[in-house]
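I would like to walk through one model with you, a place at a time, so please have a look at it before I go on.

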Amino acid sequence: AQINTRLRPEVWLARAWGRDTFVEQSTVSRTFDALTQTNLTALRTAVTAIWRGHSQALRHDWRGWLWLDLDLSGLRASPNAEGSTKGYFSGEKTLPDGN
């Protein structure tokens, strides 16, 4: 969801890659569909290396609990909530008193 707002406006980065602009979000899936098994293996290796270098979970002291906060209620989040983004939930919204 952030391709159009974060990556697409980076004209100078796109030009460094020999492109005028980056693609829109709607066309990225076609690029992934064209990947071969070798491409996917290389992509998985690169993403794993990046994740290992930046993941805070790998540096967690596992003698204690790791608390994860997952909210699948579909209730609105405050615009001031850290990391809050607009998402998609199919079907009916959960009513505040329905929890």
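This is a predicted model: local features need pLDDT of at least 70, side-chain atom pairs count only at pLDDT 80 or more; totals for chains, interfaces and linings use all residues.

Let me begin with Arg8, which has its place in the loop between H1 and helix H2 (11-16), where helices are DSSP runs of H or I with at least four residues and strands are E runs of at least two, numbered from the N terminus. Residues are numbered from 1 along each chain as its sequence is written, and side-chain values use heavy atoms, with hydrogens and water left out.

Arg8 has a relative accessible area of 27% and is therefore partly exposed, given that buried means under 20%, exposed over 50% and partly exposed in between, with a 1.4 Å probe and protein chains only.

Stepping back, the protein has 4 helices and 0 strands, in the pattern α-α-α-α along the sequence, and of its 99 residues 6% count as buried.

One of the buried residues is Ser55, at 8% relative accessibility, in the segment after helix H4 (37-54). A polar atom of the Ser55 side chain lies 3.2 Å from the backbone nitrogen of Ala57.

Which residues line the second largest pocket? Among them are Ile3, Leu7, Trp17, Phe22, Val28 and Phe32, and helix H1 (3-7) and helix H3 (25-33) are the elements that give two or more residues to this lining. H3 supplies the largest share, 3 residues. A pocket here is an open set of points on a 1 Å grid over the protein atoms alone, where a 1.4 Å probe fits, with protein on both sides within 12 Å along at least five of seven lines, and lining residues have an atom within 4 Å of a point.

Finally, the aromatic rings: a search of the whole structure finds 1 aromatic pair. The ring centres of Trp65 and Trp67 are 5.9 Å apart and their planes lie at 35°, so the pair is tilted; rings of Phe, Tyr and Trp (its six-membered ring) pair if their centres lie within 6.5 Å, and planes under 30 degrees apart count as stacked, over 60 as edge-to-face and the rest as tilted. Both Trp65 and Trp67 are exposed.

Notes: A polar contact is a pair of N or O atoms within 3.5 Å; within protein, one must be able to donate a hydrogen and the other to accept it, and residues adjacent in sequence count only if both atoms are side-chain atoms.
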